[in-house]
Amino acid sequence: MERKRYGAIGTDEGGRMKITGIRVTHVNVPFDAPFWWTAGLYPGASKSIVEVETDEGIVGLGEAPWWHFGEVIEREIAPALIGADPFDLADCEARCVPAYQITANTGETASMVAFGAVELALWDIQGKALDMPLYRLLGGAVRKEIPFTEYFSFRPEHKGAGGEMSAEAIVEYCLRMCEEHGSTYFEGKLILGDPELEIRTVAMLREALGADAMIRLDSNMQWSLTTARWVLREVEAFNIRNYEDPVATFEEMAELRRHTMIPFSTHVPDLRRAVALGAPDAFVCNFAALGGIRATLRFVAACEAMGKDFWCYSNDLGIMTAAYLHLTAATQWITEPSQSLFRWQIGDVVEGGPFRQTDNTIRVPEGPGLGVELDPESMARWHQHFVDNGPMSHFHHPESPDHYTRLPLN
């Protein structure tokens, strides 16, 4: 397996630990079947896995939210961090990320996200060096069973998986998740461009799952404001816990707020604008996209002060998921379940992965650092998938669903 490494071994005269090299490996991990979202069929994850080496032989693990940030790590972040102390996060960030005024003026945030992926590995190194799990470094656990939603969506059949292309099939799938895994928290995309189909599916889900099940929805900004008013008016009676990005902008969400009591969430982490407009009500974020764990802790604290909820993103592999588990375990304010696509992932890069919930929860790992280790065989397999097929595109025209049959899954 071809994996890029940067740096050379050295020794710090002050006796401090020292970063000596960084490896970046691009991987694909497909789903067992693709699902429909606003841009077409979504086939799986393309990520960059980061390994940060130290002169004491400790290796920390990180994960970039999208594979192309791995190139930024190779080009900018890795050279800047050689020789740095992995315990001095402020110095590491200063070496890699421009001042806020620069990013605010240029709109260039790639270095922040790329550093955020590497910063996970620095926390992992610290936990391994101190022989304690990350949640203890963050102050200790307020909970150890971390909740996640089970996902549903319209999915074409692929090699015996998927096939949920009707309201009835969605309901049957969710009932099966209840029976097999004890799932009662559900979130889904009902994105086929048909608002009446969404309304009917939600009504059927509520009837089948019962009054106590959690149902959250996500339209990936597909609806116009006019259509969203109609859809949310009809589904509000079915006790929808949250609706993610029902429309495209915060301004439209603020207008939509006048017509519904359903809370809104978004992946766009603009807290100032959300507070000024009164919507959305929650943020759903990837830690690297916020700049790392330190930046995420600051963001969550600001959300708490402003009365905005926070939970974690989906479609991540085991390294980022472990970070979600630890930070949620240590953060009182994060009480809502995070998103997950775990059930559909056919593999992972960590031993024993992917994580999968039982009775809605996953237990935080107790091993040092993130508590996960790379599986060399899986890393080689999914890296080769990337080499052979290139990154997995999430932009496929709805009239060409057969593209997925050309993407090998094994």
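Begin by selecting S265, which lies in strand β10, a run covering residues 264–266. The model on screen is predicted.

Next, display the residues in contact with S265. Setting aside neighbours within four places in sequence, the partners include N242, Y243, E244 and D245. Also in contact with S265 are M253, P280, A282, V284 and W311.

**The whole chain**

Now zoom out and colour the protein chain by secondary structure. There are 13 helices and 13 strands to be found. The radius of gyration is 21 Å, close to the 22 Å that the globule rule gives for 410 residues, so the chain is as compact as a globular protein of that length. Along its principal axes, the C-alpha trace spans about 70 × 50 × 40 Å.

Colour next by burial: of the 410 residues, 57% count as buried.

Then turn to contacts across the sequence. Among those between residues at least 6 apart in sequence, 72% join residues at least 24 apart.

**Surface and charge**

Finally, select the charged side chains. The protein chain carries 35 positive and 58 negative side chains. The centres of these two sets lie 2 Å apart.

Technical notes:
Residues are numbered from 1 along each chain as its sequence is written. This is a predicted model: local features need pLDDT of at least 70, side-chain atom pairs count only at pLDDT 80 or more; totals for chains, interfaces and linings use all residues. Side-chain values use heavy atoms; hydrogens and water are left out. Helices (H or I, at least four residues) and strands (E, at least two) are DSSP runs, numbered from the N terminus. The radius of gyration is taken over C-alpha atoms; the globule rule is 2.2 Å times the number of residues to the power 0.38. Buried means under 20% relative accessible area, exposed over 50%, partly exposed in between (1.4 Å probe, protein chains only). Contact means heavy atoms within 4.5 Å. Lys and Arg count as positive and Asp and Glu as negative; His and the chain ends are not counted. The place of a charge is taken as NZ of Lys, CZ of Arg, CG of Asp or CD of Glu.
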